[in-house]
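We will go stop by stop.

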Number of protein chains: 2
Amino acid sequence: MREFKKLTPYKEALSLLLNDLGEIPETEEIPLDEALWRVLAEDIVSPIDLPPFSRAAVDGYAVRAEDTFPAREYNPVEIRVVDEIIAGEESNTEVTPGTAVKLLTGAKIPEGANAVLMHEMAERDGDVIRVLRPVAPGQNVAMKGEDVRKGEVVLRKGHILRPQDISILKALGFRTVKVKRKPRVGIIVTGSELIEEFDEEALMHGKILESNSVMLKGLVEQYFGEPRFYGVFPDDEGEIGKAIEKAQEENDLVLVTGGSAFGDMDFAHRFVKLLFHGTTIRPGRPIGYGERTFVMSGYPVAVFAQFHLYVKHALAKLVGARNYEVKVRARLTERVPSQLGRYEFVKVWYENGKAKPIKKKGSGIISSLVESNGYITIPEDSEGYLEGEEVEVVLY
Amino acid sequence: MREFKKLTPYKEALSLLLNDLGEIPETEEIPLDEALWRVLAEDIVSPIDLPPFSRAAVDGYAVRAEDTFPAREYNPVEIRVVDEIIAGEESNTEVTPGTAVKLLTGAKIPEGANAVLMHEMAERDGDVIRVLRPVAPGQNVAMKGEDVRKGEVVLRKGHILRPQDISILKALGFRTVKVKRKPRVGIIVTGSELIEEFDEEALMHGKILESNSVMLKGLVEQYFGEPRFYGVFPDDEGEIGKAIEKAQEENDLVLVTGGSAFGDMDFAHRFVKLLFHGTTIRPGRPIGYGERTFVMSGYPVAVFAQFHLYVKHALAKLVGARNYEVKVRARLTERVPSQLGRYEFVKVWYENGKAKPIKKKGSGIISSLVESNGYITIPEDSEGYLEGEEVEVVLY
């Protein structure tokens with residue numbers, strides 16, 4: 001067994017990785033209601049003004065504001081209602097001095113009018129309304145283009161589409177949207193000690209229930225990808241090599257767990273020309289990367305850290321995603337020490353402005369992931385943080 | 001047109017709503033890899049210890065720690081290797097005084113041994129290792145049950161399943177998990193002014209491109225639900241009434257947009273016996289609720305606020321979800337005034353511990369939703385917040 005001759009600093013390895021990967025060129029044109037959480041493949045330029053016309057913001061009367069200027073409660077102004085618009089209709093009647101057109105919220109403001117008098121502010125008497133208070137020009141009017149101007153960039157390439165983003169696309173007349181194809185991610189789990197289904201007898205005799213596959217599937221889905229599971233492979237050099245080769249051919253990225261250390265049975269790293277192998281992160285030090293393939297740990301907590309520190313950013317690079325991390329500021333509820341030279345991944349429970357480090361240590365302690373909702377990192381040149389110190393938490 | 005006689009305070013209306021709704025009884029037993037973001041229907045009690053046996057945390061030699069106590073670099077202890085375990089296998093050889101069993105990471109610790117000497121710490125010479133430094137009892141051993149104890153509650157009912165939660169379920173031997181059935185949510189959009197597809201001519205003559213349907217579909221999906229769109233209905237009392245009745249029969253919850261105000265053409269509220277109608281929230285004041293049906297505004301921003309302030313919590317109640325909101329503390333970059341008596345929903349851009357209020361006002365300004373990533377609320381008895389004041393942001 002060999003040890004790592006040199007641990008690549010976290011950020012240096014991240015740069016090597018991101019420089020090695022290019023954005024996937026393929027895009028998909030999909031209907032709006034399938035676009036939730038997909039990544040925009042192009043800037044969206046508005047083809048229209050929104051609203052496309054000035055419209056009433058309340059139910060009431062389209063008037064010339066000037067006509068109402070003298071109106072007082074003790075000295076009402078009388079205006080004649082010359083037309084009435086029902087929803088979705090419009091009026092071709094021009095609003096001339098001393099006249100008004102009754103309309104509903106959303107209706108197009110007729111020619112000549114420049115304000116809407118709220119229904120409640122007028123006393124109606126036959127075809128005449130008595131105006132008790134003046135309205136200002138533009139009042140109760142949603143101005144043409146006040147939401148979005150024609151030609152304006154509404155959403156940028158790389159944006160992750162949320163419900164409100166899809167709504168604005170619909171309001172601008174789009175029926176489909178161009179998004180990035182989901183990166184295909186092959187997942188290979190290795191280890192002769194692993195079993196896939198509960199077997200008490202086997203467990204009592206040294207076998208371990210494999211749990212990295214479902215975790216990685218979920219993480220890949222969470223971060224824009226389409227996971228493809230290739231199965232659990234025993235520590236057989238030939239089989240693992242074949243699986244990696246096949247997965248590399250069929251995917252944009254390949255994740256292999258359990259093959260990254262230098263143990264006698266850790267084969268995976270022998271099949272991939274690695275750009276780096278062994279970095280300063282902890283847990284997860286023995287990670288390797290090359291040929292669009294990550295050679296990862298077997299321990300769930302190490303795999304989880306390796307995913308968040310490296311694989312997540314690789315997936316974002318493949319689709320050009322922006323703002324894919326939720327980062328918040330928090331104060332530590334207690335001190336978190338760290339060894340110089342290590343880039344620590346520390347699980348925390350974030351709540352109400354405070355981050356509580358999860359004490360349970362060990363790369364095999366899955367419950368430490370379950371009990372956390374985010375992480376902080378401690379760079380190589382830091383000995384850690386003090387109690388009460390402000391830190392950045394990445395939520396997951 | 002009538003106005004609201006009384007606006008129900010925000011929290012009072014929320015209580016009326018939540019008291020009216022019960023948890024959906026139906027559950028679904030689904031495979032683990034379909035369970036991402038679903039809501040747990042029961043507590044998960046661990047059927048096993050995890051790990052089920054004490055195992056090696058490193059590659060090396062299982063030893064009796066006592067044997068190594070005298071070991072020094074200038075005075076090594078010699079121990080005889082009596083067996084070798086490869087991954088996934090176990091050894092029935094007892095480790096007796098002066099002996100060791102070679103093993104790999106993850107292997108079950110043989111009888112008699114209580115520590116693992118790291119591979120690198122021993123000099124091998126034939127079937128003898130020379131130990132240069134002592135190891136402590138328990139060192140390099142992952143103890144039985146140290147991750148999860150048999151009988152322990154690992155995840156609680158109402159938990160939203162994340163990748164790591166699914167991983168621990170797999171590691172504990174579960175193949176499926178019992179989750180809440182997704183609430184079925186009928187969506188009805190009303191308004192004669194609405195069109196569903198781009199038509200420049202129609203837009204220029206007063207029509208509006210409907211965009212609430214896709215926004216509500218997305219929001220319902222985001223918060224545990226299964227959206228079902230019933231279409232866009234013109235302001236026709238009979239048609240809207242029939243649609244609401246049908247949707248009520250077929251769904252757990254119904255959302256009707258555009259029928260909540262008291263305008264001449266706002267019909268929806270006439271078909272539902274409302275528990276409240278008109279609350280102090282702004283935007284979105286005219287919201288009504290009764291008979292598992294929300295009567296909502298037509299304006300996108302008002303609909304969005306109504307969803308987050310009311311509908312989201314209703315959906316969470318239906319499935320018993322916990323921790324479904326990401327709440328963070330932030331300092332306001334500028335002052336946010338509010339009128340007494342209003343429960344304000346203020347969109348913000350949260351970044352790096354700071355919340356910047358989105359200035360664009362108006363219930364129709366969808367771009368204000370696009371430019372925000374969360375909201376703050378200002379209760380009825382507050383006149384707002386000062387610049388630099390710490391507030392709670394709910395991220396979306």
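**Stop 1: a sheet in chain A**

Select A:Leu255 and look across to β21(A): its bridge partner there is A:Phe294. Keep in mind that this is a predicted model.

Strand β17 of chain A covers residues 253-257, and strand β21 of chain A covers residues 293-296. The two run parallel and are joined by 4 bridges.

Widen the view to the whole sheet. It is open and has 6 strands, with mixed pairing. Read across chain A in the order β16-β13-β17-β21-β20-β18. Which strands stand at the edges? They are β16 (226-233) and β18 (276-277) of chain A. Each has a single partner strand, so one side of each is left without a neighbour in the sheet.

Then select residues 300-319 of chain A for helix α7. Helix α7 lies across β13, β17, β18 and β21 of chain A, and runs at about 175° to β21(A).

**Stop 2: a buried asparagine**

Select A:Asn251, in the loop between α6 and β17 of chain A. Is A:Asn251 buried or exposed? A:Asn251 has a relative accessible area of 5%; buried means under 20%, so A:Asn251 is buried. Show its neighbours: A:Asn251 touches, among others, A:Arg184, A:Arg228, A:Tyr230 and A:Arg292. Then follow the side chain of A:Asn251 to the backbone nitrogen of A:Gly186, at 3.3 Å.

**Stop 3: a core in chain B**

Move to chain B. The largest nonpolar core has 49 residues. Among those with the most contacts inside it are B:Leu17, B:Phe224, B:Tyr310 and B:Leu315. Which element gives the largest share of this core? It is α7(B), with 13 residues. Colour domain 1 (10-24 + 182-312) and domain 4 (326-395) of chain B. Both give residues to this core, so the core lies between them.

Zoom in on B:Leu315. It touches residues including B:Pro183, B:Val185, B:Phe224 and B:Phe307. Apart from this core lies another, of 48 residues, among them A:Ile281, A:Ala321, A:Tyr343 and A:Val394.

**Stop 4: one strand, two partners**

Select residues 326-332 of chain B, strand β22, and residues 390-395 of chain B, strand β28. They pair in the antiparallel sense over 6 bridges. Find B:Ala330, which stands opposite B:Val391 in β28(B).

**Stop 5**

Most residues other than glycine have a negative phi, and most peptide bonds are trans. Here are some exceptions.

- A:Leu50 and A:Pro51 are joined by a cis peptide bond, with omega about -10°.
- B:Arg282 and B:Pro283 are also joined by a cis peptide bond, with omega about 0°.
- A:Glu291 has a positive phi, near 45°. A:Glu291 is partly exposed, at 37% relative accessible area.
- B:Trp37 has a positive phi, near 70°. Look for B:Trp37 in the loop between β1 (27-31) and β2 (44-45) of chain B.

Terms used:
Residues are numbered from 1 along each chain as its sequence is written. Chains are lettered from A and ligands numbered from 1 in the order in which they are written. This is a predicted model: local features need pLDDT of at least 70, side-chain atom pairs count only at pLDDT 80 or more; totals for chains, interfaces and linings use all residues. Side-chain values use heavy atoms; hydrogens and water are left out. Two strands pair if DSSP finds at least two bridges between them. Contact means heavy atoms within 4.5 Å. Axes are lines fitted to C-alpha atoms, for helices over the stretch in contact, and angles run from 0 to 180 degrees between N-to-C directions. A nonpolar core is a set of buried Ala, Val, Leu, Ile, Met, Phe, Trp, Tyr and Cys residues joined through side-chain atoms within 4.5 Å. Buried means under 20% relative accessible area, exposed over 50%, partly exposed in between (1.4 Å probe, protein chains only). Domain bounds come from an automatic or database domain assignment. A polar contact is a pair of N or O atoms within 3.5 Å; within protein, one must be able to donate a hydrogen and the other to accept it, and residues adjacent in sequence count only if both atoms are side-chain atoms. Lists of a residue's contacts leave out its neighbours within four places in sequence.
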